[in-house]
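Please look at the sequence and the model before reading on.

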Amino acid sequence: MVSRQRESFRLPLLAAIAAAALCGGGAATAQTTTPDRLAPYFQPVTTGAKAPDADGFLQRWLLLEPIVKPNRSNSGFTGSYVRTALTTKYFPGQMTAVPRDGDTVTVATPLRWHALDAVPFDVKLFNFAQALGKPTYGVIFQAVTVITSPRERRNVRLAVGSNAASMWWLNGKEAVTLSGDRRMVMDDVLSPRITLNKGRNVLRGAVINGPGLSDFCVRFVDEDGKPIRDITVDVK
């Protein structure tokens, strides 16, 4: 039994105000960012591949600084809107490349990829953007990770929770979509049965959010719904 809260952690109002003040009201730049600014939610990637956590959640990711996509609310995140917004080509290699830490792409302005290990089981995108002095509302986040499996695993499912809507692709094929105005709930949506290849697999996600906090959690589960842990995760 997983002993985790099913809903995303919500910062109390005073803590959120204090965090915003720490970030200078969004005036910080990537050049002033240090690991301390990302703590306690992220830490630098360590050497060697990383196993999932005890409940199978993937914590190592390449995260792109947020793409601005203004939305005054999340109520308009219908299936068709989400699909259009998250499959639009914003930069070359968006659906094919595995970037490296520090790579940049240009979407109106240059945006940088960051290789990070999430400290909690969920990846707190709001805090990632806030720590970098980037927009936190009305944005699209891009996430990529590389999974290595010691054997082929058929009939597994990708279990995803996100705030708000998101789409996920495994090895270039759409795996699951979460539409609507939703809060991050563990295993909120399960993909159809899919296959993890023996060796290298690339998992790619995109999360869109209007106002409010934003995060996601991802893991693979087997046919019995048990988390898959005999895999490793890396960013190359």
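Which side chain meets Glu 65 in a salt bridge? The partner is Lys 134, at 3.6 Å, N to O. A salt bridge here is a side-chain nitrogen of Lys or Arg within 4 Å of a carboxyl oxygen of Asp or Glu, and the structure holds nine of them. This is a predicted model, in which local features need pLDDT of at least 70 and side-chain atom pairs count only at pLDDT 80 or more, while totals for chains, interfaces and linings use all residues. Residues are numbered from 1 along each chain as its sequence is written, and side-chain values use heavy atoms, with hydrogens and water left out.

**Lys 134 and Glu 65**
- The two residues are 69 apart and link distant parts of the chain: Lys 134 lies in the loop between α4 (125-131) and β6 (139-149), Glu 65 in strand β2. Helices (H or I, at least four residues) and strands (E, at least two) are DSSP runs, numbered from the N terminus.
- Glu 65 is buried at 2% relative accessible area, whereas Lys 134 is partly exposed at 25% (buried is under 20%, exposed over 50%, partly exposed in between; 1.4 Å probe, protein chains only).

**Asp 234 and Arg 60**
- A salt bridge of 3.4 Å, N to O, joins the side chains of Asp 234 and Arg 60.
- Asp 234 sits in strand β14 (residues 232-234) and Arg 60 in strand β2 (residues 60-68), 174 residues apart.
- Arg 60 is buried at 0% relative accessibility, and Asp 234 is buried at 14%.

**Asp 188 and Arg 182**
- The side chains of Asp 188 and Arg 182 form a salt bridge at 2.5 Å, N to O.
- Asp 188 is partly exposed at 30%, and Arg 182 is buried at 19%.

**Network**
- Arg 60, Asp 117 and Asp 234 belong to one network of salt bridges that share partners.
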